[in-house]
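This report walks through a protein model by way of its aromatic side chains and its pockets. Please keep the sequence and the structure in view while reading.

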Amino acid sequence: MPRLEKLALSFPEAERKDIEAWDGEPTFRVRGKNFVFTSPEASGITVKLPPEEAAALVASRESVTPTGYGLGRHGWVSIELGTEVSEAQWVEVEEWVEQSYRLVAPKTLVKQLDAK
């Protein structure tokens, strides 16, 4: 969790919000919109991806499923990571979290990210 939290909070105006109704499950948000859902131990994440990439991941990996509650049809995927995340997996996680942020954040904040 510390590594995921550091990554998610590195984006402009990102914040962590633990959802009490979900037993304190962490979410990461930008201006009130979630871009990452996770478990307290960060053994899995839910992110928004471009629909074609989300569909390809679901089709090619057992550990990736469309997110429930109708979110899957909008590019949200749930990814099981397990407790031991390899460096190769972590590179993918970084890409997925950034893509999710870019899809959810206002364009002005994405421009700030691009200016870094």
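## An aromatic cluster

In this predicted model, ring pairs join Phe11, Phe35 and Tyr101 into a cluster. Phe11 and Tyr101 are both buried.

The pair formed by Phe35 and Tyr101 is edge-to-face, with 5.2 Å from centre to centre and 85° between the planes. Phe35 is part of strand S3 and Tyr101 is part of helix H3, so this pair ties together parts that are 66 residues apart in sequence. Phe35 is buried, as is Tyr101.

## The largest pocket

Which residues lie nearest the centre of the largest pocket? They are Glu25, Phe37, Thr46, Thr67 and Ser78, which are among the 18 residues that line the largest pocket. The space in this pocket comes to about 350 Å³.

Several strands contribute to the lining of the largest pocket, for strand S2 (25–30), strand S3 (33–38), strand S4 (44–48) and strand S6 (76–80) each supply at least two of its residues. When the lining residues of the largest pocket are sorted by class, 7 are nonpolar, 9 are polar and 2 are charged.

## The second largest pocket

The second largest pocket holds about 200 Å³ of space. Its lining is made of 13 residues, and those that lie nearest its centre are Met1, Arg3, Ala42, Val85 and Trp90.

Which helix gives the most to the lining of the second largest pocket? Helix H1 (residues 2–8) does, with 3 residues. By class, the lining of the second largest pocket consists of 8 nonpolar, 3 polar and 2 charged residues.

How values were computed
Residues are numbered from 1 along each chain as its sequence is written. This is a predicted model: local features need pLDDT of at least 70, side-chain atom pairs count only at pLDDT 80 or more; totals for chains, interfaces and linings use all residues. Side-chain values use heavy atoms; hydrogens and water are left out. On a 1 Å grid over the protein atoms alone, a cavity is a set of points where a 1.4 Å probe fits but cannot get out, and a pocket is an open set with protein on both sides within 12 Å along at least five of seven lines; lining residues have an atom within 4 Å of a point. Grid points are joined across faces, edges and corners, and a volume is the space filled by probe spheres set on the points. Helices (H or I, at least four residues) and strands (E, at least two) are DSSP runs, numbered from the N terminus. Ala, Val, Leu, Ile, Met, Phe, Trp, Tyr, Cys and Pro count as nonpolar, Asp, Glu, Lys and Arg as charged, and the others, Gly among them, as polar. Buried means under 20% relative accessible area, exposed over 50%, partly exposed in between (1.4 Å probe, protein chains only). Rings of Phe, Tyr and Trp (its six-membered ring) pair if their centres lie within 6.5 Å; planes under 30 degrees apart count as stacked, over 60 as edge-to-face and the rest as tilted.
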